[in-house]
Amino acid sequence: MEKVLDVKGLCKTYVVNKRQNNVLKNIDLTIEEGEMVSVMGPSGSGKSTLLYCVSGMDRPTAGEVKFDGRDISKLNDKQLAEVRLDEMGFIFQQMYMMKNLSVLDNIILPSVRSKKNKESRKKTEERGRALMNRLGIGEIAENDINETSGGQLQRACICRSLMNEPKVIFADEPTGALNRSTSDEVLSELLKINESGTAVMCVTHDAKVAAQCSRVLYIIDGTIHSEIELGKYDGSEAALRDRERTLNNWLMEQGW
Amino acid sequence: MFFRILKKDLKRKKTMNIILLLFVILASMFTSSSVNNILAVTKGLDFFAEQSGISDYLAISGDKPDNIYDMLEDKSYVTSLRSEKCFVSLPWADIRLNGEKIKEMSDSPLCMPEGEMKLNYFDIDNKVITDVPKGQFYSNTHFCSDTDLKVGDKVTFKKDGKELVLEYKGIAKDIIFGSQLTTNARLLLDDSDANYLFEDTAEEEGSSWFITYIGTTDENAVKDDIAGADGIIFQGSKNLLKLAFSINMIVAYILLAVSIGLFIISLVILRFTIQFTIADELQEIGVMKAVGIDDLSIRKIYLTKYLGLSVIGSAIGFALSLPLGNLMLKTVSDIIYIGNIHSVLAGAVCSVLIVAIILMFCYRCTGRIKKLSPIDAVRSGQTGERFGKRGVIHLGKSKLPATPFLALNDIFSSPKQFGMITAIFTICLLLVTVISNLSTTLNSDRLLYLVGVAPADAYYENFDGEESKNYGKTDDSGEEFAQAVSKKLKENGMPAKCTFNHTINAKVCCKDKSESVRLSLNKDESMDSYVYNEGYAPASADEIALTSKLLDKLGASIGDYVTLEMSSGKKKYLVTASFSSLNNTGSFGILHNSFDLAKEDMTGSMGISVHFDGSPDKEQVAANIKKMREIFDTDQVYDGNELITKNIGVGDALDAVKALMIVIMVLVVTLMTVLIERSFISKEKSEIALMKAIGTTSGEIVAQHTLRFVMISAVVCIVASAATIPLSNLLISPVLSIVCEVKGVKCATDPLDIFVVSPLILLAITALGAFFTALYTRTITSTDTASNE
């Protein structure tokens, strides 16, 4: 398997009121093609900061972040933006979308912006619709984002993240704002995407979400305290119960 | 919590609050100073008239006013009669400053010996000039307006081989010839100096003007009595003289209009700011309501803020209005003795009114607080019902690249806000272009017909040369003068047809009404060269065209007969046409070119119209005029534009107003752009962060934000360009009515200025303002998605 993400000695320090706050300390991490990794840990442990640093949304203070073989910590803002646009997908806890655009327009926007996309606008739109249909939200394509439910919106966000066929999807608490059943639906979509070969790095507080990932990292005080390999999830209820039990035991050991 | 919110508001919305404060300051400053100015000049004019000791009515004549005295002396309604004599035989060419000729004006300067002064004239310190020291002279502002003449300069006067060097003592404030609408220079001389210069020609016919002041209880009766009397060049009431000074207030009136505009913009911004603030602080307001604080108490927070802002803004604006008001008054106080009339109180009242209006408006705008419920605290203003508007345009169907599409989509998605910006920017641009059009019109030869002459390449008005020596001595002396000029032009390689423009003062009667009228006659111009509003051009010697204003006064109309009384006798004429003119305050007529003019009827002239042979282009005409000035050693050769500028005299004031309007447009547009873009950034912070997170570069976001304003500006330029000419045509008549009553004037335009330069200024400042403000989006990073709720 090829490494999609290879992080070495990643540090992130914030200086607030002349006081240094080392949020991430010497993190080493790799994510391979088609892997689904979740990051767990207590609030303020640095989970989201890690996600932002490895996805190029934020710059590490020290260390190396290799994405698809390229050290993205050395890229300028414009190059970073290009990498995020063309090769990464993002899903956030809040279903951020452009308020003035319809759901479909929000979804196809990254593709329209992408320089690597040479297809016609019509083709892009068709692809957007196809993605929406795949995720079961085809009927809300022309809707205003105020006219859609949270679950539909989060699935729309997933569609948007997939438009440029990214190598990896970064998800920051993707089910944090959803109820259990909607959360399950969204997660099942993420699993399908992962099945198709896209790596997923997901920050979550939800053990049920983490239990469906192949690997779980536990982060405390800016360092990866430990990790557990759960293997590929086959989608069955029984397997999920076993994985949840294993994970919960492990989490209790970590002091969760 | 009240003060925490207030403090937070002042800190977070610093730019918005500062811009609002600036608008309040500007509105207060312009309102206070222009109201001060208008009141001071209005009251000052009454004071000036009273202090000058002017009578109720006056007549200016080119001969001794014995006939006026004969007509009026025994009349019961005439309470006083007195006259001033001014010598008019001094050619401009013979007045030199430091050896150089000084700028000539159309009429010879009026030189008045101090012994002739019947009115009070005031020096620059408003002291009555009781004595003109020997070897010195005073003058009104027209004498030195285009000359760099300073107190103490020595001016050389030559007359009939005599030379007199006089020291310039300073300005004399002159109620008769002081306003911008009069162009006559008047000099006050010592008696012995005047006697030395003019003793040889003092009694010559046409060498002096007499200004007769008539005290009366019945102005109309006096007007009827002396209408058309021999030798009268002008007659009018005291009020007419005061009206002539109203042109000096035009800048103040326009400033007042501008300040009202600025105040309206301040209110629009205030509304925008309040709405934005309330939307931004939904949660705080909801929490306050949830804990039981009543609506009024919450509204008080905002009212306190805007009270403070408007009080500070108005106070600063009022303080700044004092020097600005004094500056505006200074230009007027050079020609009017204003006295100790200060309208500071009026300015203060204006400032207080501004505060009161802002507060009332603010109270109304904060009404939305009443509608907000505690639920808004937890739902961030969402009520649970999801109603939204679908975008008008769709990315999938659009051919536009993403950045312009998003810019356009933003505009369509916030039609109210962008509509407001479009409206304000359009008004700003229209103010500039309309004033430009008015200024171009009032300086263009398009208005030549209002002066009463037919269009020509050049106009020659110098009566001091050799060619005019026989003028007035025979019936055809005017035409002979024109022939002499034509001959000299041919000798100098500029063959031209020259025609003489006579003016004849007469009394015109119709039924039981009579008026004084000035008539134009040019024997060598086609009658179709003049512009008529209605009817047809006079076709025979017993037909006449009269101004609409005069016809109204006489109660006559086209097709009626009127009687003209001239020195040579009375005769009836058929009115065939009406037209507009500003000559002789609108009491004007045009005689047929076959009219048989007797020399005793020749009371004046509007010079010679010159038509160069071979229809030369503008450049050639300009070169010919320059050469004519050298050949005839005079400045009094004009092209059509110069003739209009000289006669109307408000073009310069409008040019100054236009410059001011450009400054105001730049200021308003820049401030509005910065304010609105800043508030948009604040509102769209989460979207900007999201865009950055999904791979949009900072440059693309800055471009999107800048493009929104550039698109709006482009629309503004198109709308304003389409509206400027119709609007100018609509406004030109009221503006010209300040000077005279005219109808059907079409505006002249400077296409480069109104369609290119002014729109480009607007586009450039909007683009720059939006661009530099949008650079602030660079401080928003993709990680801000985490800090957004």
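Colleague: In chain B, what share of the contacts with a separation of 6 or more comes from residues 24 or more positions apart?
Modeller: This is a predicted model. In chain B that share is 84%.

Colleague: And how many of the residues of chain B count as buried?
Modeller: Chain B has 789 residues, and 46% of them count as buried.

Colleague: How many helices and strands does chain B have?
Modeller: There are 25 helices and 21 strands in chain B. Along the principal axes, the C-alpha atoms of the chain fill a box of roughly 100 × 55 × 55 Å.

Colleague: Which residues touch the most other members of the largest nonpolar core?
Modeller: B:Phe23, B:Leu429, B:Val562 and B:Met665 do, in a core of 225 residues. Helix α21 (residues 651-683) of chain B gives the most to this core, namely 13 residues.

Colleague: What is B:Met665 in contact with, leaving aside its neighbours within four places in sequence?
Modeller: B:Met665 is in contact with B:Cys428, B:Leu429, B:Leu431, B:Val432 and B:Leu762. Another core, of 62 residues, lies apart from the largest one, and B:Leu110, B:Phe122, B:Leu329 and B:Tyr337 are among its members.

Colleague: Now domains. Where are they in chain B?
Modeller: The domain assignment gives domain 1 as 1-53 + 243-382 and domain 2 as 54-242. Domain 3 is 395-448 + 648-789, and domain 4 is 458-638.

Colleague: How many Å separate the centres of domain 2 and domain 4 of chain B?
Modeller: The centres, taken over C-alpha atoms, are separated by 26 Å. The contact takes 16 residues from domain 2 of chain B and 17 residues from domain 4 of chain B. On the domain 2 side, strand β11 (residues 232-237) of chain B has the largest share, three residues. By class, that side of domain 2 divides into six nonpolar, six polar and four charged residues.

Colleague: Changing topic: how many residues of chain A are in contact with chain B?
Modeller: 32 residues of chain A are in contact with 28 residues of chain B. On the chain A side, α1, α2, α3 and α4 (121-134) each supply at least two residues. Helix α3(A) gives the most to that side, with seven residues. The side of chain A that touches chain B has 14 nonpolar, five polar and 13 charged residues.

Colleague: Back to α2. Which of its residues in chain A are buried?
Modeller: In helix α2 (residues 77-87) of chain A, the buried ones are A:Leu80, A:Ala81, A:Arg84, A:Leu85 and A:Glu87. Their cover includes β6 (88-91) and α3 (103-113) of chain A, together with α22 (685-693) of chain B.

Colleague: What about the sheet in chain A: in what order do the four strands come?
Modeller: The order is β2-β1-β4-β5 in an open sheet, and the pairing is antiparallel. β2 (19-32) and β5 (70-71) of chain A each have a single partner strand, so one side of each is left without a neighbour in the sheet. Strands β1 (residues 3-16) and β4 (residues 62-67) of chain A pair over five bridges. A:Asp6 stands opposite A:Lys66 in β4(A).

Colleague: Last one: is A:Gly41 buried or exposed?
Modeller: A:Gly41 is buried because 24 other C-beta atoms lie within 10 Å, and 20 or more are needed. A:Gly41 lies in the loop between β3 (36-40) and α1 (47-54) of chain A. Leaving aside neighbours within four places in sequence, A:Gly41 is in contact with A:Lys47, A:Tyr218, A:Ile219 and A:Ile220.

Notes:
Residues are numbered from 1 along each chain as its sequence is written. Chains are lettered from A and ligands numbered from 1 in the order in which they are written. This is a predicted model: local features need pLDDT of at least 70, side-chain atom pairs count only at pLDDT 80 or more; totals for chains, interfaces and linings use all residues. A residue is buried if 20 or more other C-beta atoms lie within 10 Å of its own, exposed if 12 or fewer, and partly exposed in between; C-beta atoms are placed from the backbone. Two residues are in contact if their C-beta atoms, placed from the backbone, lie within 7 Å. Two strands pair if DSSP finds at least two bridges between them. A nonpolar core is a set of buried Ala, Val, Leu, Ile, Met, Phe, Trp, Tyr and Cys residues joined through C-beta atoms within 7 Å. Ala, Val, Leu, Ile, Met, Phe, Trp, Tyr, Cys and Pro count as nonpolar, Asp, Glu, Lys and Arg as charged, and the others, Gly among them, as polar. Domain bounds come from an automatic or database domain assignment.
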